[in-house]
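This report describes selected features of one structure, arranged by region. Please consult the sequence and the model shown here alongside the text.

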Amino acid sequence: MFCDTIDACQYSQEINIMKNKKKSIGDLVLAYFKKHPKKDLKHGPVVDWVEEKYLKLYGRKPRDTWRQIRKFHEEGILIQVKKGVYRYDPDYIRKKELYDFPAYIKEAIYKRDAYKCVVCGRGRKDGVEICADHIKPKDKGGTNILDNGQTLCTEHNVMKKNYSQTEAGKKYFIKLYKKAVKASDERMIKFCKQIFDVYDEKGINSHIPRPNHK
Ligand SMILES: [Zn+2]
């Protein structure tokens, strides 16, 4: 799991600051979603609404409204239901606050691990940035207690994330392999087998069984 880049608390502070300023594209996007909580909203009508409001306020069309929607999604404020459809759910945000490590737990995790990555042993003294990782990921129900935290350097944090992404890769090659078997495509069959061999050799994603044996 990634480090928690956006702090919900910090976020609401930012919102308060923005209230005193003129409305940004982000303010308008969020206002629309907040008006329709827990609803699956297609991004087209949201963009139209925001653009109309913006035009009235400033006499020109805003740029990249859709990008702002995507940014809110990346920050965990909007849920992407499917491509081009987003949802704002205040319960989800509350839950996110519940699962993210509060600052004092983060500090306790670092202290317990002597401010060093538990994989490579490097830390800030070596000029390496560290972060508090959820051992059991948040989206799999991992909570924000000390025992579920470990110190990782950014490199190993990214690696951990990438290893879970290789799951999708393996599943993809399983699909390709099955297709190749149907089509008796020997070259593709051989290619997929070689890929599966690499997975075996590195000992990753063994919980996803390969469709053939050596
Ligand atoms: Zn490391």
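This is a predicted model: local features need pLDDT of at least 70, side-chain atom pairs count only at pLDDT 80 or more; totals for chains, interfaces and linings use all residues.

## Packing of α3 and α4

Helix α3 spans residues 43-58 and helix α4 spans residues 65-74. Two packed helices are described by the angle between their axes and the distance between the axes. For α3 and α4, the angle is about 120 degrees and the axes lie 9 Å apart. Angles of 65 to 115 degrees would count as roughly perpendicular and those over 145 as roughly antiparallel; α3 and α4 are therefore oblique to each other. Their crossing is right-handed.

On the α3 side, the contact is made by His43, Val46, Val47, Val50 and Glu51, and on the α4 side by Thr65, Trp66 and Ile69. Classified by residue type, this contact comprises five nonpolar, two polar and one charged residues.

## Buried residues of α2

Helix α2 covers residues 25-35, and its buried residues are Ile25, Leu28, Val29, Leu30 and Phe33. These buried residues pack against α3 and α4, and also against strand β1 (41-42).

## The three-stranded sheet

An open sheet is built from three strands in the order β1-β3-β2, with antiparallel pairing. Strands β1 and β2 (79-82) are at the edges, each pairing on one side only.

Three bridges join β2 to strand β3 (residues 85-87), again in the antiparallel sense. Within this pairing, Gln80 has Tyr86 of β3 as its bridge partner.

## The β4-β5 pair

Strand β4 (residues 130-134) pairs with β5 through five bridges, and the sense is antiparallel. Asp133 lies opposite Gln150 of β5.

## The surroundings of Ile208

Ile208 belongs to the segment that follows helix α8 (186-202). Is this residue buried, exposed or partly exposed? A residue needs 20 or more C-beta neighbours within 10 Å to be buried, and 12 or fewer to be exposed. Ile208 has 15 C-beta neighbours inside 10 Å, so Ile208 counts as partly exposed.

Leaving aside residues up to four places away in sequence, Ile208 touches Glu167, Lys170 and Lys171. Of these, Lys170 is 38 residues from Ile208 along the chain, and the C-alpha atoms of the two are separated by 7.8 Å.

Terms used. Residues are numbered from 1 along each chain as its sequence is written. Two strands pair if DSSP finds at least two bridges between them. Helices (H or I, at least four residues) and strands (E, at least two) are DSSP runs, numbered from the N terminus. Axes are lines fitted to C-alpha atoms, for helices over the stretch in contact, and angles run from 0 to 180 degrees between N-to-C directions. Angles under 35 degrees count as roughly parallel, over 145 as roughly antiparallel, 65 to 115 as roughly perpendicular and the rest as oblique. A crossing is left-handed if the near helix is turned anticlockwise from the far one by less than a right angle, and right-handed if clockwise. Two residues are in contact if their C-beta atoms, placed from the backbone, lie within 7 Å. Ala, Val, Leu, Ile, Met, Phe, Trp, Tyr, Cys and Pro count as nonpolar, Asp, Glu, Lys and Arg as charged, and the others, Gly among them, as polar.
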